[in-house]
Amino acid sequence: MLPVDPVAGEAAGCFQFCEGKICIAPAREGGGRWQAVAPSSVAAVVRSLEFSWLDGTLCRAVEVAEEGCGEWVPLRQSYSLLSLTDYRKACKAAELLHWDRHSRYCGCCGSSLQWASPISKYCPQCHTEQWPRLSPAIIVLISRGDEVLLVRSRSFKRDWYGLVSGFVELGETLEECLHREVMEETGLKVTGVTYAGSQSWPFPRNLMAGFFATWASGTLRLQQEELIEGGWFRYDSLPPVPDRPSIARQLIDRWRASFP
């Protein structure tokens, strides 16, 4: 993840961003798929980072000052266009660029940070080291028979219903966070908490831990500061829900698939 020459050769995967959008174009092999587009030799590159994917493949994350040739779409929208592997690589690229953009100076003494390794920076003055940090959060699908609890958050940019979620606080386990968030946001108690899976969520740097749970007691009482509305919905009569990139949709689809 050290800075690299933006025009000196091609990495196996290059992901170009400008103000939250990724540059893509139809894939050479066709089939309706798209692929990420590397910046041209005349692009005004702001930052360029090299990183390795899970299988050791060399990739590159590039931020440019302005949009050039190609189709520029929000990263989340690219999920339905790129292959799943390329989408996940693009997500990591976006997170790395965000971290580099927001870790230019030492938080202890204010000096400029320098690269220490492919995954860290250090301060030459006070010798503090920094690594990319994640913000862990839980998300939980709460069911009650053939009904599921869905809520509309004030932070949603679209008119859909999602699941109860929240950030893990210091000293908490994931399960403790789940019970606290459910009580704070809905006034409910749950039981049968089961881990369902996790998802990297680069908006901007979250790690979502997903769970299933069953309503145990309580009457729904929404936290007005965070939620606009919510309620219990039958599996065959759901309102608009988040799209497929999100773990919220994955949990909803898995729960709904348990019914005829």
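**Figure 1. Lining of the second largest pocket by residue class.** The lining of the second largest pocket comprises 18 nonpolar, six polar and five charged residues; here Ala, Val, Leu, Ile, Met, Phe, Trp, Tyr, Cys and Pro count as nonpolar, Asp, Glu, Lys and Arg as charged, and the others, Gly among them, as polar. The model is predicted, with local features requiring pLDDT of at least 70 and side-chain atom pairs pLDDT 80 or more, whereas totals for chains, interfaces and linings use all residues. Residues are numbered from 1 along each chain as its sequence is written, and side-chain values use heavy atoms, with hydrogens and water left out. The second largest pocket holds about 700 Å³ of space. Trp53, Arg88, Lys92, Glu95 and Ser200 are the closest to its centre among the 29 lining residues. At least two lining residues come from each of β4 (45–52), α1, β13 and β14, and α1 gives the most, with nine residues. A pocket is an open set of points on a 1 Å grid over the protein atoms alone where a 1.4 Å probe fits, with protein on both sides within 12 Å along at least five of seven lines; lining residues have an atom within 4 Å of a point. Grid points are joined across faces, edges and corners, and a volume is the space filled by probe spheres set on the points.

**Figure 2. The largest pocket and the elements around it.** About 1,300 Å³ of space lies in the largest pocket. Its lining consists of 43 residues, with Arg76, Lys157, Trp201, Phe203 and Asn206 nearest the centre. Two or more lining residues are given by each of β1, α1, β10 (135–144), β11 (147–153), β12 (164–167), β13, β14 and α3. Helix α1 contributes the largest share, five residues. By class, 23 residues of the lining are nonpolar, 10 polar and 10 charged.

**Figure 3. Helix α1, span and burial.** Helix α1 covers residues 84–101, and its 18 residues should span 26 Å at 1.5 Å a residue; the end C-alpha atoms are 26 Å apart, which agrees. The expected span is 1.5 Å times one less than the number of residues. Buried residues of α1 include Tyr87, Lys89, Cys91, Glu95, His98, Trp99 and Asp100, where buried means under 20% relative accessible area, exposed over 50% and partly exposed in between (1.4 Å probe, protein chains only). The chain contains three helices and 15 strands, assigned as DSSP runs (helices H or I, at least four residues; strands E, at least two) and numbered from the N terminus. Of the 260 residues of the chain, 42% count as buried.

Figure 4. Eight aromatic pairs are found in a search of the whole structure; rings of Phe, Tyr and Trp (its six-membered ring) pair if their centres lie within 6.5 Å, and planes under 30 degrees apart count as stacked, over 60 as edge-to-face and the rest as tilted. The Tyr235 and Phe259 pair is stacked, because the ring centres are 4.2 Å apart and the planes lie at 5°. Tyr235 belongs to the loop between β15 (227–234) and α3 (247–256) and Phe259 to the segment after α3, so this pair ties together parts that are 24 residues apart in sequence. Trp255 and Phe259 form an edge-to-face pair, at 5.1 Å centre to centre and 70° between the planes. Tyr235 counts as buried at 18% relative accessibility, Trp255 is buried at 7%, and Phe259 is partly exposed at 21%.

**Figure 5. Arg144 over the rings of two tryptophans.** Arg144 lies over the face of Trp232, at 4.2 Å from the ring centre. Arg144 also lies over the face of Trp215, at 5.7 Å from the ring centre. A charge sits over a ring if NZ of Lys or CZ of Arg is within 6 Å of the ring centre and within 35 degrees of the ring normal.

Figure 6. Most residues other than glycine have a negative phi, and most peptide bonds are trans. The peptide bond from Phe203 to Pro204 is cis, with omega near 5°, and Pro204 lies in the loop between β13 (189–201) and β14 (206–217). Glu19, although not a glycine, has a positive phi of about 50°. Glu19 is placed in the loop between β1 (13–18) and β2 (21–26) and is exposed, with a relative accessible area of 77%. His127, also not a glycine, has a positive phi of about 65°. The loop between β8 (120–122) and β9 (129–130) holds His127, which is exposed at 61% relative accessible area.
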